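Subject: Handover of a structure for your study

Dear colleague,

Please find below the structure that I am passing on to you. I would ask you to keep it open while you read the notes that follow.

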Amino acid sequence: MKTRDRILETALHLFNAEGLAQVSTNRIAAELAMSPGNLHYHFKRKEDLVTWLLRRFAEALRRFADAHETVEALDDLWLTMHLGLEVLDHHRFILRDMDFLLREYPALHAPLRELIGQRIATLQAALESLRRRDILQATDEQLASLALQTVLANTAWPSFEHLLPAAMPGTLRGSRAVAYHFLVMLSPYVDDASRQYLAYLRSRYAA
């Protein structure tokens, strides 16, 4: 693995594990048994590291940008969602530490806004593909709202779940919770047979 890639992978691991605010470039260098000067040769500032990781995050999600072209059944939608959530989980510091990230690195506001817009458009197109096949019954307003609420839930959940009471019974965490609640939100818009299948998928996340 090239030195730049080793630095990025180590930074990603530490940001995910300890939080963006808590991890300095010196901490990353120490984890790699590397001098700070050597790290700064590749990435002059912590912001450069975050920018590159955000770029990788966007590239990984871009694979789903044309997902609507292959979504012909609920299974296709579920698989696309599940794979997308794996990408979100792999880069979870970005959404979890969003407030700090935008406050410290305002230049990243534009690419993040573009990324969120792309995710909303992709999901809405996938839902529209199912509606054309009569798998979903929803008005334009309902479909647009479902796409928006789903991306909102995806984006806000990593921060929101820390506010949930620890004693709440049966509370799911992480990407499992996001997947479960998406299937709940989708359920009212499908027929009875499909609703039973969604209940089965929900049970897999809740188990």
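Two residues are in contact here when heavy atoms of theirs lie within 4.5 Å. Helices (H or I, at least four residues) and strands (E, at least two) are DSSP runs, numbered from the N terminus. The model is a predicted one, in which local features need pLDDT of at least 70, side-chain atom pairs count only at pLDDT 80 or more, and totals for chains, interfaces and linings use all residues. Residues are numbered from 1 along each chain as its sequence is written, and side-chain values use heavy atoms, with hydrogens and water left out.

The chain as a whole

The chain has eleven helices and zero strands. Its C-alpha atoms fill a box of roughly 60 × 40 × 30 Å along the principal axes. Of the 207 residues, 43% are buried; buried means under 20% relative accessible area, exposed over 50%, and partly exposed in between (1.4 Å probe, protein chains only). Among contacts between residues at least 6 apart in sequence, 68% join residues at least 24 apart.

How far apart are the end C-alpha atoms of H10? They are 19 Å apart, which agrees with the 18 Å that its 13 residues should span at 1.5 Å a residue. The expected span is 1.5 Å times one less than the number of residues. In H10, the buried residues are Ala 177, Val 178, Ala 179, Phe 182, Leu 183 and Leu 186. Their cover includes H5, H8, H9 and H11.

Helix H11 (residues 192–206) has 15 residues and reaches 21 Å from its first C-alpha to its last, close to the expected 21 Å. Its buried residues are Ser 194, Leu 198, Leu 201, Arg 202 and Tyr 205. Seen down the axis of H11, these residues fall within an arc of 105°, so they line one face of the helix; the arc is that of the directions from the helix axis to the C-beta atoms. An α-helix has 3.6 residues a turn, so residues three or four places apart point the same way. The buried residues of H11 pack against helix H5 (74–90) and helix H10 (174–186). On the face turned away from the buried side, H11 carries the exposed residues Asp 192, Ala 193 and Gln 196.

Leaving aside residues up to four places away in sequence, Leu 108 touches Val 50, Thr 51, Leu 54, Leu 101 and Leu 102.

Most residues other than glycine have a negative phi. Ala 33, however, has a positive phi of about 55° although it is not a glycine. Ala 33 sits in the loop between helix H2 (25–31) and helix H3 (36–42), and is exposed, with a relative accessible area of 75%. Asp 134 has a positive phi of about 60° and is not a glycine either. Asp 134 lies in the loop between H8 and helix H9 (140–160), and counts as exposed at 58% relative accessibility.

Yours sincerely
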